[in-house]
Amino acid sequence: MIVAKPPLARDALLPRSNRSNSPFRYPGGKFYARKLILDEIPSHTHYCEPFAGGASVFFAKDSAEFSSLNDLDIDVVNTLRQIRDRVEDLISLLTGVDATKANHAYYKNEYIPTNGLERAFRWFYLNRTSYSGIMRPENCYWGYGRKYSMRPENWPPHLRTVSDKLQGVELTSFDFEEVIDALPNGAFAFVDPPYYDADQQKFYNCAFGKADHERLVDCLRRNAGRIMFLLTYDDHPEVWSMYEWVESVDNKQWNYTINRTDDQRNGHKLKDGFRGVRSKGRELFIRNYYV
């Protein structure tokens, strides 16, 4: 088991953001739904996210005695590990690399990482400067707006805060069934899979098809008597049918996002007044417990 540790003495006084938010921009992330989700979380000592992604809920909640984050995308997990274990080395690589379209093109198409740290540097840089944080190569477009995106000079203090939060956290890249089946009795899992009706070919590097959704419902059903879970899903008739056996299914709605960065694929520019649209997030919150 990983044991939490405080920042090294020489690093303790380095600037931090003191805002425990996800380090990533992530399509489908729960940043704007965090408060709604936190109100639904029961008391627990063991916390797990089998589909971590940007892990917005983990970063927003109080730390548990034991926490684990899992994602099948190894680049997500590798970047979290490097932030946890080598944050100052990662910051050194990022220092002096400005957010420009030319740099985005270079690190996307030409730069070849030689180790895990350089791979995390490339992934983090592209994630922070790509439209909506989409990392699937064919849809990874420049999408940074200095007025609205986190500026490179603010990355280091935020990464240090994220690193502090990740100390002691187990980070894995396994299939969700292996993760959920291994949870101890009484654990709480926040389960945020890809949408049932999602255009996954556009957003994600790891496919999640109908058979995977069916595996998920079977996995949660067989573990429902020993763990607590909060599952978030798109409001789809098939989802209602698959989870008719759980204690609670609620519709939730929130202001999802305002896209305020250049949309390179569609030719929309900030200088032309592009601000995107305010969208409504609407999902099912599925729980096997009462709050």
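**Exercise 1.** In this predicted model, what angle do the axes of helix H3 and H7 make where they cross?

*Solution.* Take the two axes. Those of helix H3 (residues 74–85) and H7 come within 8 Å and cross at roughly 95 degrees. Now classify the angle. Values of 65 to 115 degrees count as roughly perpendicular, so H3 and H7 are roughly perpendicular to each other. Next, list the residues. H3 brings Leu80, Ile83 and Arg84 to the contact. H7 brings Leu159, Val162, Ser163 and Leu166. Finally, sort them: five are nonpolar, one is polar and one is charged.

**Exercise 2.** Is Thr161 buried or exposed, and which residues does Thr161 touch?

*Solution.* Locate the residue: Thr161 sits in helix H7 (residues 155–166). Check its accessibility. Buried means under 20%; Thr161 has 10% relative accessibility, so Thr161 counts as buried. Then look for partners. Leaving out residues up to four places away in sequence, Thr161 touches Arg16, Ser17, Asn18, Arg19 and Ser20. A polar atom of the Thr161 side chain lies 3.0 Å from the backbone nitrogen of Ser17.

**Exercise 3.** Which element gives the most residues to the largest nonpolar core?

*Solution.* Start with the core itself. The largest nonpolar core has 42 residues. Those with the most contacts inside it include Phe58, Leu80, Leu159 and Leu166. Then go through the elements. Helix H2 (56–60), H3, helix H4 (87–94), helix H6 (116–129), H7 and strand E4 (188–191) give two or more residues to this core. H6 gives the most, with six residues. Apart from this core lies another, of 25 residues, among them Cys48, Leu183, Tyr233 and Val246.

How values were computed:
Residues are numbered from 1 along each chain as its sequence is written. This is a predicted model: local features need pLDDT of at least 70, side-chain atom pairs count only at pLDDT 80 or more; totals for chains, interfaces and linings use all residues. Side-chain values use heavy atoms; hydrogens and water are left out. Helices (H or I, at least four residues) and strands (E, at least two) are DSSP runs, numbered from the N terminus. Buried means under 20% relative accessible area, exposed over 50%, partly exposed in between (1.4 Å probe, protein chains only). A polar contact is a pair of N or O atoms within 3.5 Å; within protein, one must be able to donate a hydrogen and the other to accept it, and residues adjacent in sequence count only if both atoms are side-chain atoms. Contact means heavy atoms within 4.5 Å. Axes are lines fitted to C-alpha atoms, for helices over the stretch in contact, and angles run from 0 to 180 degrees between N-to-C directions. Angles under 35 degrees count as roughly parallel, over 145 as roughly antiparallel, 65 to 115 as roughly perpendicular and the rest as oblique. Ala, Val, Leu, Ile, Met, Phe, Trp, Tyr, Cys and Pro count as nonpolar, Asp, Glu, Lys and Arg as charged, and the others, Gly among them, as polar. A nonpolar core is a set of buried Ala, Val, Leu, Ile, Met, Phe, Trp, Tyr and Cys residues joined through side-chain atoms within 4.5 Å.
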